[in-house]
Amino acid sequence: MLNVFRLLLARIYFREIRIYGQENLPASGMTLFVSNHRNGAIDGYVLLKMLPACRAIVGRNLTGSWFLRLFFGGQIEVYRKAENTEQKVWNRERLQEAALAMRQGRPVLIFPEGTSELGPHLLPVKKGAAFICHTLLQEAGDAEMLSIVPLGLHYEEGWRFRSAAEIHIGPPMHVTRASTRNLAVLTETMRQSLMNVSENFADEEEQRQGESFASMLRYHGVSRKSHLTFCRMWAEELVSEKRRERFLHLYRHEDLLRYQNTPLVAQGGAWKYTAAYYMLLPIFLLAYVLNLLPLLGAYIAARKMADDTNVVALWRILVGTPLFAIQCFLYIVLGLIFCPLPVLGWLLVMYVIITGAGLCLLDVWRRIGVRGRNGTSARHHEILSFCKEFME
């Protein structure tokens, strides 16, 4: 039941979760998934889309209260830094639990970086993950080998409500009990496998450029590749110098409105986008007013509590979810006081429809607004011409 709740939260917060490389999933055997860590504890929610039976190894700091256990409980909880004998014994028992789960066919998930960041590249991979692999095989009885499957998490804008997320599954690595004894070599192997399924820009400015390049292509019809693939093309300089200069000329143009730091233009008459934007506007205004409490509370929490972009989504969920539940309870109580029961039923149905429509169409509405207001111009034709070259 908790997994269903977490999956629902991930689907509400992210408009789309795309999965690539499912052919790399092992058909059987002990499986350990290792993932890059981008967006705080929300990463586990996204991976649940692909791995509903998976159990994650998490720090006990995430389950310190009943409220946090509601969001992160049911996983394999360990002390990140065991400071005494009791904590070391606890960790050993939890790893035995993880080994048993894998022998029974349930995969286990770890984040080898140990911390998260929506920055330009993979963070250093710590030896603790390799030690966990070694311990899992030691505790696995007759099992002599496990498959380590790298997962690349990628977000178009991880901190934004209703952005898109991608999961990239890399080829599995098969490690034996003997090969896990050299922790340094195993750590480097993990790092290389994660590098192959994640974005790795030189710096934050190149990251902004590369992600904008990827968004421009995908939102103008070039969808045969993933957002991450276009990001890697930019980072690895697989785009010709001439095309890079043309894109940067468009990217730096200040007169165009942007969505996800990317100038979007109309593909067809701009008036159609403008008309659609204003036709949908009443729905979003009504949905916003009806959900003012959770939306405003989540926004304030993210502004006040988040110390970096990688925990914005987490704070919005931690605060917005209970506020949404409180708001629904208040609506029902007020309805029971002031409305006949049949009328209350219809009001609740309308509330669900308006809120659902607002969620499902929010990202589309934002994009058509940008496209319509950018209109048609010489710059408009330059953007469409540039994107068309990548469709060929």
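Here is a short walk through this structure, which is a predicted model.

Let us start with a strand. β2 covers residues 31–35, and five of its five residues are buried.

Which strands pair with β2? One partner is β6 (residues 145–155), which runs parallel to β2 and is joined to it by five bridges. Within that pairing, Thr31 has Ser147 of β6 as its bridge partner. Another partner is β5 (residues 108–110), also paired in the parallel sense, over three bridges. Here Phe33 stands opposite Leu109.

Setting aside residues up to four places away in sequence, Leu109 touches Phe33, Ser35, Leu47, Cys54, Arg55, Ala56, Ile57 and Leu151. Leu109 also belongs to the largest nonpolar core, which has 32 residues. Together with Phe14, Val46, Leu151, Tyr155 and Ile167, it is among the residues that touch the most other members of that core.

Now let us turn to a pair of helices. Two packed helices can be described by the angle and the distance between their axes. How do α7 (residues 204–219) and α9 (residues 241–251) cross? Their axes come within 11 Å and cross at roughly 95°. Angles from 65 to 115 degrees count as roughly perpendicular, so α7 and α9 are roughly perpendicular to each other. On the α7 side, the residues that meet α9 are Glu205, Glu206, Arg208, Gln209, Ser212, Phe213 and Met216. From α9 come Arg244, Phe247, Leu248, Leu250 and Tyr251. Sorted by class, this contact has six nonpolar, two polar and four charged residues.

Next, look at Leu384 in helix α14 (residues 378–389). Is Leu384 buried or partly exposed? With a relative accessible area of 23%, Leu384 is partly exposed, because buried means under 20%. The C-alpha atoms of Leu384 and His220 are 7.2 Å apart in space, although these residues are 164 apart in sequence. Leaving aside neighbours within four places in sequence, Leu384 is in contact with His220, Val265, Ala266 and Gln267.

Another loop, between β9 (258–259) and β10 (262–263), holds Gln260. Asn261 is in the loop between β9 and β10 as well. Gln260 has a phi near 50°, a positive value in a residue other than glycine. For Asn261, phi is near 60°, again positive in a residue other than glycine. What about their surroundings? Gln260 counts as buried, at 4% relative accessibility, whereas Asn261 is partly exposed, with a relative accessible area of 30%.

Terms used. Residues numbered from 1 in each chain as written. Predicted model: local features only at pLDDT ≥ 70, side-chain atom pairs only at ≥ 80, totals over all residues. Heavy atoms only, no water. Axes fitted to C-alpha atoms, helices over the stretch in contact; angles between N-to-C directions. Helix = DSSP H or I, 4+ residues; strand = E, 2+ residues; numbered from the N terminus. Parallel < 35°, antiparallel > 145°, perpendicular 65-115°, else oblique. Contact = heavy atoms within 4.5 Å. Nonpolar A, V, L, I, M, F, W, Y, C, P; charged D, E, K, R; others polar. Buried < 20%, exposed > 50% of the residue type's maximum accessible area, 1.4 Å probe, protein only. Pairing = 2+ DSSP bridges. Core = buried A, V, L, I, M, F, W, Y, C linked by side-chain atoms within 4.5 Å.
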